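I opened the notebook today to look up side-chain pairings and packing in one chain. Here is what I had on the screen.

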Amino acid sequence: QVQLVESGGGLVQAGGSLTLSCAASGTILSIFTMGWYRQAPGKQRELVGQITSGGTTTYADSVKGRFAISRGNAKSPVYLQMNSLKPADTAVYYCNLAQPSALGLRDYWGQGTQVTVSS
C-alpha cells in the first residue's frame, strides 16, 4: 500500500505563487510516476503535470512555463511550484502515484488540497 499526503494549498491573489508538496510512504517501487491533478467545481479531473522515476517531467499546456514539478531522491516529497497563478487555476489539487502491480498499473491518490486564486 501507498499513502500520499499533500500540503501547501491556500488562498492567493492572481499573479502570486504557491508550492504544493506530496509526501509518499509505503511500498514504492523503483519504477513509478508521480503527478498532480486538479478538479475544479463542475469539471472533470485533469492532469497538471507529472514526473517519472527517471526524472522526466510533462505538463498540461495550460500550465507550461508557470508550474514546475520537482523531487529529490525516490523517497523525497514531490513539489509543485505554481507561479503566475490565475483564477482559472482554482481547484482541488490531488497528488497521484502510479506504479506497476500484478494486476497492471495501479493508481494511488492523496486527499486533495484546495487552491483558490482570487482576481
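My entries follow, grouped by the kind of contact I looked up.

**Entry 1: the model.** I note at the outset that this is a predicted model.

**Entry 2: the disulfide.** How many disulfides are there? I found 1 disulfide. The link runs from Cys22 to Cys95, with the sulfur atoms 2.0 Å apart. I then placed the two ends: Cys22 belongs to strand S3 and Cys95 to strand S9, 73 residues apart, and the link connects distant parts of the chain. The angle about the S-S bond is -85°, and the link is left-handed. I also looked up the accessibility, and both Cys22 and Cys95 are buried.

**Entry 3: the nonpolar core.** As a reminder to myself, nonpolar side chains in soluble globular proteins tend to be buried together. Here the largest nonpolar core has 26 residues. Which of them touch the most other members? My list reads Leu4, Met34, Trp36, Phe67, Leu80, Met82 and Tyr93. Several strands give two or more residues to this core, among them S1 (2–7), S3 (18–26), S5 (46–52) and S11 (113–118). S9 gives the most, with 4 residues.

Leaving out residues up to four places away in sequence, Met82 touches Gly16, Ser17, Leu18, Leu20, Arg66, Phe67, Tyr93 and Val115. Two names on that list, Phe67 and Tyr93, I had already written down among the core residues that touch the most other members. Arg66 is also on the Met82 list, and I come back to Arg66 in the next entry.

**Entry 4: salt bridges.** Glu46 pairs with Arg38, with the closest N and O atoms 2.7 Å apart.

I have Asp89 down as buried, because its relative accessibility is 2%.

Asp89 has a further partner in Arg66, where the closest N and O atoms are 2.8 Å apart. Arg66 lies in the loop between strand S6 (57–59) and S7, so its pairing with Asp89 in the S8 to S9 loop ties together parts that are 23 residues apart in sequence. Arg66 is buried too, with a relative accessible area of 11%. Through shared partners, Arg38, Glu46, Arg66 and Asp89 are joined into one network.

Entry 5: The structure holds 1 aromatic pair. Trp109 counts as partly exposed, because its relative accessibility is 36%.

What lies over the face of Trp109? I found Arg45 there, at 4.6 Å from the ring centre. The charged end of Arg45 also sits over the ring of Tyr94, 3.8 Å from its centre.

Notes: Residues numbered from 1 in each chain as written. Predicted model: local features only at pLDDT ≥ 70, side-chain atom pairs only at ≥ 80, totals over all residues. Heavy atoms only, no water. Phe/Tyr/Trp six-rings, centres within 6.5 Å; stacked < 30°, edge-to-face > 60°. Buried < 20%, exposed > 50% of the residue type's maximum accessible area, 1.4 Å probe, protein only. Lys NZ or Arg CZ within 6 Å of the ring centre and 35° of its normal. Core = buried A, V, L, I, M, F, W, Y, C linked by side-chain atoms within 4.5 Å. Contact = heavy atoms within 4.5 Å. Disulfide = S-S within 2.5 Å. Salt bridge = Lys/Arg side-chain N within 4 Å of Asp/Glu carboxyl O.
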